[in-house]
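Visitor: Can you walk me through this one? I'd like the packing and then the charged pairs.
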Amino acid sequence: MAVGVVLEFDGATLDQYDEIIKKMGLKPKGKTPPGALFHWVAKTDAGMLVTDVWETKEHFEKYSQEKIGPFSAEVGITAPPKVTFYEVHNYLTAG
């Protein structure tokens, strides 16, 4: 079942986000990593907000452990994000 994931990174910057994306080998407006269906990010008053839709919670958790966490630490994001999961009823794509 698809899962929506909202990550709230207090104190993080979009410059740090851009560094993380580069380390992951991803490109702005490019393809998502395997298992991810959709992704967007925005600056907030507290830091940044990331919203994803993944094929399964397990896909997200594996990618988070292998990529998001380590690369976030490498760019200076020391506190883990607040993570909220949602069961996705439906999603639409451009294709």
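Visitor: Which residues have the most contacts inside the largest nonpolar core?
Guide: Phe 9, Met 24, Trp 54 and Ile 77, in a core of 19 residues. A nonpolar core here is a set of buried Ala, Val, Leu, Ile, Met, Phe, Trp, Tyr and Cys residues joined through side-chain atoms within 4.5 Å. Buried means under 20% relative accessible area, exposed over 50%, partly exposed in between (1.4 Å probe, protein chains only).

Visitor: Which elements each supply at least two residues of this core?
Guide: β1 (3-10), α1 (14-24), β3 (47-54) and α2 (57-74). Helices (H or I, at least four residues) and strands (E, at least two) are DSSP runs, numbered from the N terminus.

Visitor: Fine. What is the source of the coordinates?
Guide: This is a predicted model: local features need pLDDT of at least 70, side-chain atom pairs count only at pLDDT 80 or more, and totals for chains, interfaces and linings use all residues. Residues are numbered from 1 along each chain as its sequence is written, and side-chain values use heavy atoms, with hydrogens and water left out.

Visitor: Now charges. How many salt bridges does the count come to?
Guide: Three, each a side-chain nitrogen of Lys or Arg within 4 Å of a carboxyl oxygen of Asp or Glu.

Visitor: How far apart are the closest N and O atoms of Glu 74 and Lys 23?
Guide: 3.0 Å. Glu 74 is in helix α2 and Lys 23 in helix α1, so the pair ties together parts 51 residues apart in sequence.

Visitor: And Glu 66, what does that pair with?
Guide: Lys 62, with the closest N and O atoms 3.2 Å apart. Both lie in helix α2, four residues apart, about one helical turn.
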